[in-house]
Amino acid sequence: MFSMRRGRRDRSEWSPASHEQASASIDLSEAELIDRSTRGDLDAYNAIVERYQSAVLLHCTALLRDAPLAEDVTQDTFVKAWLGLKRFRGDSVRSWLMRIATNGCLDVLRQRTRRATDSLDAHPVEPVAVWSSQTKESSPEERSEQTELAARLETALSQLPDEQRVALLMSDVLGYDYVEIAALTDTAIGTVKSRISRARARLRLDLLADADSREHFERYGRS
Amino acid sequence: MSSPGLHNLNSEHNRGGGECPAFETLSAWFDRPAGGEEDSALRDHIDGCRQCQSVMQDLSILRTALQRSTPPAAMRSFRIGTDTPGTTGRPNASPISPPIPVFPVAAAIAAILVIALIAGEMLFSSNGGDPPGSVSGDVLFIDGTPYTNDGNEAEFNAASADDMNGLGGDSAGSTGESRTDGRSFTGWRISQILAVVLFLATSTLWYRYRRNEDPGR
């Protein structure tokens, strides 16, 4: 059901050579793996895990922007899917896993927001930028500028409502279209469209309002 | 810079003709699927409008920045084993036992109780507002006949027609039981509250149970 619209990220399946047993099972059809898994065959289920783990991890990393947290949610996704396997209705394993992962990410984000709100002595935490674009050729000045831009972007992103941020990241980073985002987040297409638009409007206002800042981001995009 | 939601333009910048579309329209246009059906009027407008093109460029810059700022994912195996926390409920290679449907049954019972209580309440309300065997003020209904207590707790007298004016309530719902303390009515209310609380609690638990069972919902 879900396909990458622009293929921006490498979504090739990751299969470490150490799991030979799973690799043998991976030749089986998905329906057969699901059938076996539903009957309690953990090896068959782990073949499914091998097949989708990189996609789920990329999904969670893009939405949470926090690699260790994304690993936790990915693991949790596969455990939840295992425990809820009998409710799988046989459409697409991938979309089912992505829905579980999206729900998991949203739960984590909501908990984080709630904790920050509830905590009496909560201080605003500066988001840590993980800027993946710094190339070896970058000069120290360029690296410094990129780090600063990254921090500004992360701060602006962190100020968006969770639902808007997730919709925007699913669209711009993961490349899902509106229909897919609506299905994954269990919302109407119009709501998805509106959330993405609001998120972009806010980011544009925060990051590209003045010509100088706009130029920096533009240069960053080209570098 | 103009508001990101609306941007009316002067004609110098707008050679595309017509009023500029809302930001949401431009944002959706930016996301249009490649090769999909295009709104030619909108395309013509954007092609001829510097400000709309600027919006498109901003959206492109933002997208690039977001893509490049995503942290790299550290690949590792997420295979699960019988010792993985959270999987103890599913032993390896054993048939899955269906969960005991405790919450659905409890929720159904609570829902029936609530419906019965609300229906009963509505029935009594339509008949004058007094549930069975209840006492309304100083008037006691026994077999449809109103009695008043004239100061003597043990003795009730048939009320005159004048006494009944304004006291309200016929006794169509009376059962013939004679009670004077209104305890039954209080119990009725408590039952209603308990049923509602039970219904809400079981519904919540049921939702959480279903969510755990089917996390993709």
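**Figure 1. Order of secondary-structure elements in chain B of the predicted model**. From the N terminus on, the elements of chain B follow the order α-α-α-α-β-β-β-β-α-α. Chain B comprises 217 residues, of which 31% count as buried. Among the contacts in chain B with a separation of 6 or more, 64% are accounted for by residues 24 or more positions apart.

**Figure 2. Confidence of the prediction along chain B**. The average pLDDT of chain B is 67, and 47% of its residues score at least 70. Confidence in chain B is highest in helix H1 (residues 23–30), with a mean of 93, and lowest in helix H5 (residues 161–164), with a mean of 47. Over residues 91–100 of chain B, the pLDDT is below 50, and this stretch has 18 contacts in the model beyond near neighbours in sequence. A further stretch, residues 158–181 of chain B, stays under 50 in pLDDT; the model has 39 contacts for these residues beyond four places in sequence. For the complex, the predictor gives an ipTM of 0.76 and a pTM of 0.60.

**Figure 3. Packing of helices H1 and H3 in chain B**. Two packed helices are described by the angle between their axes and the distance between the axes. Helix H1 of chain B packs with helix H3 (residues 50–69) of chain B at an angle of about 55 degrees, and their axes are 10 Å apart. The crossing of H1(B) past H3(B) is right-handed.

**Figure 4. Residues in the contact between H1(B) and H3(B)**. On the side of H1(B), the contact is made by B:Phe23, B:Leu26, B:Ser27, B:Trp29 and B:Phe30. H3(B) contributes B:Cys52, B:Val55, B:Met56, B:Leu59, B:Ser60 and B:Arg63. By class, eight residues of this contact are nonpolar, two are polar and one is charged.

**Figure 5. Surroundings of A:Leu109 in chain A**. A:Leu109 lies in helix H5 (residues 93–118) of chain A. The relative accessibility of A:Leu109 is 2%, so this residue counts as buried, the cut-off being under 20%. Apart from neighbours within four places in sequence, A:Leu109 is in contact with A:Leu63, A:Leu64, A:Asp162, A:Arg165 and A:Val166. One of these residues, A:Asp162, is 53 residues from A:Leu109 along the chain, with 6.6 Å between the two C-alpha atoms.

Methods. Residues are numbered from 1 along each chain as its sequence is written. Chains are lettered from A and ligands numbered from 1 in the order in which they are written. This is a predicted model: local features need pLDDT of at least 70, side-chain atom pairs count only at pLDDT 80 or more; totals for chains, interfaces and linings use all residues. Side-chain values use heavy atoms; hydrogens and water are left out. pLDDT is the predictor's confidence in each residue, from 0 to 100. Helices (H or I, at least four residues) and strands (E, at least two) are DSSP runs, numbered from the N terminus. Contact means heavy atoms within 4.5 Å. Axes are lines fitted to C-alpha atoms, for helices over the stretch in contact, and angles run from 0 to 180 degrees between N-to-C directions. A crossing is left-handed if the near helix is turned anticlockwise from the far one by less than a right angle, and right-handed if clockwise. Ala, Val, Leu, Ile, Met, Phe, Trp, Tyr, Cys and Pro count as nonpolar, Asp, Glu, Lys and Arg as charged, and the others, Gly among them, as polar. Buried means under 20% relative accessible area, exposed over 50%, partly exposed in between (1.4 Å probe, protein chains only).
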